[in-house]
Amino acid sequence: MSSNYPIMLRLEGKKVVVIGGGKVAERKVSGLLVSGAKVVVISPEATEELQRLSKSGKMEWMQQSFCVDDLKGAFMVFAATNDKTVNQLIKDSTEPHQLVMMVDDPDGSDFHLPSVVQRGHLSIAVSTGGASPTLAKKIRAQLELGFDEKYEDYLEFLFEKRKWIISEVADPALKRKLLTAIVSDEFLHSHDRERDFQLLYKELIF
Ligand SMILES: C[C@@]1(CC(=O)O)c2cc3[nH]c(cc4nc(cc5[nH]c(cc(n2)[C@H]1CCC(=O)O)[C@@](C)(CC(=O)O)[C@@H]5CCC(=O)O)C(CC(=O)O)=C4CCC(=O)O)c(CCC(=O)O)c3CC(=O)O
Ligand SMILES: NC(=O)C1=CN([C@@H]2O[C@H](COP(=O)(O)OP(=O)(O)OC[C@H]3O[C@@H](n4cnc5c(N)ncnc54)[C@H](O)[C@@H]3O)[C@@H](O)[C@H]2O)C=CC1
């Protein structure tokens, strides 16, 4: 059996079409909106949350049943109706370059979604390859306890400092030492990471 190939997609500005307006479509749309994708929902009915997102301009809802033209210009397509035949028709209507997933047919889909812990720059994705979405959700909840909210600030600090170290520190050995030292419990739990970094930097250069 081949295993899946995990990647992180950049969807900003890309058109993503979600067909269906139920609870499952709503969950997929919530994740997509964080990515900055241009989301279009096609469905005669939509959940209250999807209607709210449409009214506030976060995404577009076209109140109609699926037709093939809806797929024009889509980078990615979610067939998320409660009708297996419609979901299969959607898949069969896509162009070869379009990424498509059917919410009721993992084996016929190009991809599936993992369960995700998001802490700023840090994403931890858990997948069971369709074996048990409930287990993926349970592991995600466990990881959320270990990787709590403070990782968001910490990742921002690492992001900024790594940029600074790469552009300002020429000596490869010192560069490596600094990049390793900031990834430590001391910096994770520090109340003043900037001060601790200056102290460490001075210690290492003298
Ligand atoms: C293949 C995949 C395709 C995809 O949708 O991407 C898929 C497929 C199916 N899910 C089904 C059911 C459920 N899915 C969930 C929940 C989640 N499902 C997600 C992903 C995936 N689901 C992909 C595989 C991921 C993996 O295995 O790791 C998560 C992780 C991400 C997300 O949706 O954003 C999100 C948790 C998010 C979180 O909270 O962290 C729950 C639990 C709940 O809702 O509380 C249930 C009910 C309990 C159960 O069935 O286990 C059914 C049967 C439908 C039916 O009964 O007919 C199918 C179809 C089939 O299996 O054929
Ligand atoms: N992948 C996943 O994570 C999960 C998948 N499922 C599957 O997802 C399916 C959908 O689940 P829910 O959202 O809870 O169902 P739902 O019944 O709440 O919503 C279905 C939506 O599809 C729309 N629809 C029906 N025919 C359409 C058409 N021809 N064109 C456009 N829209 C159409 C309906 O108007 C409705 O908004 C389920 O039947 C189940 O097989 C269920 C749970 C999780």
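Which element gives the most residues to the shell around ligand 2? That is helix α1, with three residues. Welcome to this predicted model, in which the domain assignment gives domain 1 (15-112), domain 2 (114-147) and domain 3 (150-205).

**Domains and a database record**

- Taken over C-alpha atoms, the centres of domain 1 and domain 3 are separated by 42 Å.
- An unreviewed UniProt entry places the feature "domain: Siroheme synthase central" at residues 119-144.
- Over residues 119-144, the chain is 46% helix and 23% strand. The C-alpha atoms at the ends of this stretch are 9 Å apart.

**Around ligand 1**

- Ligand 1 is surrounded by 20 residues, and the closest are His112, Leu113, Ser115, Pro133 and Ala136. The elements that give two or more residues to this shell are α1 (23-34) and α4 (133-146).
- Helix α4 supplies the largest share of the shell around ligand 1, namely five residues.
- Sorted by class, the shell around ligand 1 holds seven nonpolar, nine polar and four charged residues.
- Why does ligand 1 lie between domain 1 and domain 2? Ligand 1 lies there because both domain 1 (15-112) and domain 2 (114-147) give residues to its shell.

**Around ligand 2**

- Ligand 2 has 21 residues around it, of which Gly20, Gly21, Gly22, Val24 and Asp104 come nearest.
- The shell around ligand 2 divides into ten nonpolar, seven polar and four charged residues.
- Is Asp104 buried, exposed or partly exposed? Asp104 has 15 C-beta neighbours inside 10 Å, so it counts as partly exposed; the buried class needs 20 or more, and the exposed class 12 or fewer.
- Asp104 and Ala79 are 25 residues apart along the chain, and their C-alpha atoms are separated by 8.6 Å.

- Strand β4 (residues 76-79) is covered on both faces. Met76 and Phe78 are buried on one side, and Val77 and Ala79 are buried on the other.
- In a regular strand, side chains alternate between the two faces of the sheet.
- Strand β1 (residues 15-19) pairs with β4 in the parallel sense, over four bridges. Within this pairing, Val77 in β4 is the bridge partner of Val17.
- Strand β5 (residues 99-102) also pairs with β4 in the parallel sense over four bridges. Here Ala79 has Met102 in β5 as its bridge partner.
- Together, β4, helix α3 (residues 84-93) and β5 make a right-handed β-α-β unit.

**A closer look at Met102**

- Met102 lies in strand β5, and its bridge partner is Ala79, one of the buried residues of β4.
- Met102 has 23 other C-beta atoms within 10 Å, so it is buried, since 20 or more is the cut-off.

How values were computed
Residues numbered from 1 in each chain as written. Chains lettered and ligands numbered in written order. Predicted model: local features only at pLDDT ≥ 70, side-chain atom pairs only at ≥ 80, totals over all residues. Near = placed C-beta within 6 Å. Nonpolar A, V, L, I, M, F, W, Y, C, P; charged D, E, K, R; others polar. Domains from an automatic or database assignment. Pairing = 2+ DSSP bridges. Right-handed = clockwise from strand over helix to strand, strands pointing away. UniProt positions renumbered as here; feature names shortened; annotations may be inferred.
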